[in-house]
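Subject: Structure for your files

Hello,

Here is the structure I said I would pass on. Please look through it before reading the notes below.

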Amino acid sequence: IETVPLVKPLHSGQNVYYAASRDDGDTAKMAEGLYMATVGAVKKIKIFSTGGHGTALFERNPAFTDECITWLSYILNNN
């Protein structure tokens with residue numbers, strides 16, 4: 001799937017949070033590329049040195065759950 005074309009039409013009022021781990025192949029580089037390609041939306045990125053793939057990020061980095069909740073709360077209360 002070509003993902004960069006999917007983030008280019010994002011605009012203000014839309015929000016995206018990219019998260020990846022450097023020990024999960026090229027996903028950290030891909031997330032960084034998507035972050036840079038996202039121009040109009042509110043965006044945030046978190047790159048872990050370790051953490052694995054998908055939901056393993058939460059298991060291996062327990063504080064990340066609270067970070068996501070804080071970000072979502074901010075987004076919900078400011079939109």
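What follows is a short account of what was found in it.

This is a predicted model, in which local features need pLDDT of at least 70 and side-chain atom pairs count only at pLDDT 80 or more, while totals for chains, interfaces and linings use all residues. Residues are numbered from 1 along each chain as its sequence is written, and side-chain values use heavy atoms, with hydrogens and water left out.

Overall layout

The protein chain has four helices and two strands, in the order α-β-α-β-α-α from the N terminus. Helices (H or I, at least four residues) and strands (E, at least two) are DSSP runs, numbered from the N terminus. Along the principal axes, the C-alpha atoms fill a box of roughly 30 × 30 × 15 Å. Of the contacts (heavy atoms within 4.5 Å) with a separation of 6 or more, 61% are between residues 24 or more positions apart.

The accessible surface is about 5300 Å², and carbon and sulfur atoms hold 58% of it. Accessible areas come from the Shrake-Rupley method with a 1.4 Å probe; for residues, only the protein chains shown count as cover. Buried residues are 29% of the 79 in the chain, where buried means under 20% relative accessible area, exposed over 50% and partly exposed in between (1.4 Å probe, protein chains only).

Cores

The largest nonpolar core has eight residues: Val-7, Val-16, Tyr-18, Ala-20, Ala-28, Ala-31, Leu-34 and Ala-37. A nonpolar core is a set of buried Ala, Val, Leu, Ile, Met, Phe, Trp, Tyr and Cys residues joined through side-chain atoms within 4.5 Å. Strand 1 (15-21) and helix 2 (27-37) each supply at least two residues of this core, and helix 2 gives the largest share, four residues. A second, separate core of seven residues includes Tyr-17, Phe-64, Cys-68 and Ile-75.

The buried residues of helix 2 pack against helix 1 (4-7), strand 1 and strand 2 (42-48).

Ala-37 lies in helix 2 and counts as buried because its relative accessibility is 15%. Leaving aside neighbours within four places in sequence, Ala-37 is in contact with Val-4, Val-7 and Lys-8. The C-alpha atoms of Ala-37 and Phe-58, 21 residues apart along the chain, are separated by 25 Å.

Thr-38 sits in the loop between helix 2 and strand 2. Its relative accessible area is 0%, so Thr-38 is buried. With neighbours within four places in sequence set aside, Thr-38 is in contact with Val-7, Leu-10, Val-16, Tyr-18 and Lys-43.

Asn-61 is in the loop between helix 3 (56-60) and helix 4 (63-77). Is Asn-61 buried or exposed? Asn-61 counts as buried, because its relative accessibility is 16%. Not counting residues up to four places away in sequence, Asn-61 touches Phe-48, Thr-50 and Gly-51. A polar atom of the Asn-61 side chain lies 3.4 Å from the backbone oxygen of Thr-50.

Regards

Technical notes: A polar contact is a pair of N or O atoms within 3.5 Å; within protein, one must be able to donate a hydrogen and the other to accept it, and residues adjacent in sequence count only if both atoms are side-chain atoms.
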